[in-house]
Amino acid sequence: QVQLVESGGGLVQAGGSLRLSCAASGGTFSRYGMGWFRQAPGKEREYVAEITWSGTHTYYLDSAKGRFTISRDNAKNTLYLEMNNLKPEDTAVYYCAARDVGRYDYNYWGQGTQVTVSS
């Protein structure tokens with residue numbers, strides 16, 4: 001089983017940037033599809049972006065397209081989310097998640113990292 005630990009969150013002004021990282025251990029990282037999700041106070045957790053095991057294909061929430069970039073380094077067992085032009089509505093706890101080959105749902109989750117964007 002894989003364990004996931006996020007880092008890189010913080011407080012940033014609107015228009016600023018942050019880079020989130022997710023370090024994986026205990027599994028074969030390159031076997032997993034990976035994703036980023038977020039949950040704002042009082043709201044449901046929502047999908048932000050995902051990347052295939054090889055990194056060949058990436059997918060994004062519409063509001064993240066053009067601002068966020070998901071990437072992975074399988075040699076370092078690390079997933080990234082580069083976030084630019086941040087907006088107050090991006091404020092949330094951000095989670096990374098992994099799914100086994102052949103699964104449609106994500107079955108491993110990190111503890112999350114807080115991102116706060118001030119206006």
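Is Phe 37 buried or exposed, and what is its relative accessible area? In this predicted model, Phe 37 has a relative accessible area of 11%, which lies under the 20% limit, so the residue is classed as buried. Tyr 47 is partly exposed, because its relative accessibility is 25%.

Five aromatic pairs were counted in the structure. Together with Tyr 106 and Trp 109, Phe 37 and Tyr 47 make up one aromatic cluster.

Charged side chains also sit over rings. Arg 19 lies over the face of Tyr 80, 4.1 Å from the ring centre. The charged end of Arg 72 is placed over the ring of Phe 29, at 4.4 Å from its centre.

One disulfide was found in a search of the whole structure. It is formed by Cys 22 and Cys 96, whose sulfur atoms are 2.0 Å apart. The two cysteines lie in distant parts of the chain, Cys 22 in strand E3 and Cys 96 in strand E9 (residues 92–99), 74 residues apart. The torsion about their S-S bond is about 45 degrees, so the disulfide is right-handed. Both Cys 22 and Cys 96 are buried.

Strand E3 (residues 18–25) runs antiparallel to strand E1, and five bridges join the two. Ser 7 stands opposite Ser 21 in E3. In E1 (residues 3–7), Leu 4 and Glu 6 form the covered face, whereas Gln 3, Val 5 and Ser 7 form the uncovered one.

How values were computed
Residues numbered from 1 in each chain as written. Predicted model: local features only at pLDDT ≥ 70, side-chain atom pairs only at ≥ 80, totals over all residues. Heavy atoms only, no water. Buried < 20%, exposed > 50% of the residue type's maximum accessible area, 1.4 Å probe, protein only. Helix = DSSP H or I, 4+ residues; strand = E, 2+ residues; numbered from the N terminus. Pairing = 2+ DSSP bridges. Disulfide = S-S within 2.5 Å. Phe/Tyr/Trp six-rings, centres within 6.5 Å; stacked < 30°, edge-to-face > 60°. Lys NZ or Arg CZ within 6 Å of the ring centre and 35° of its normal.
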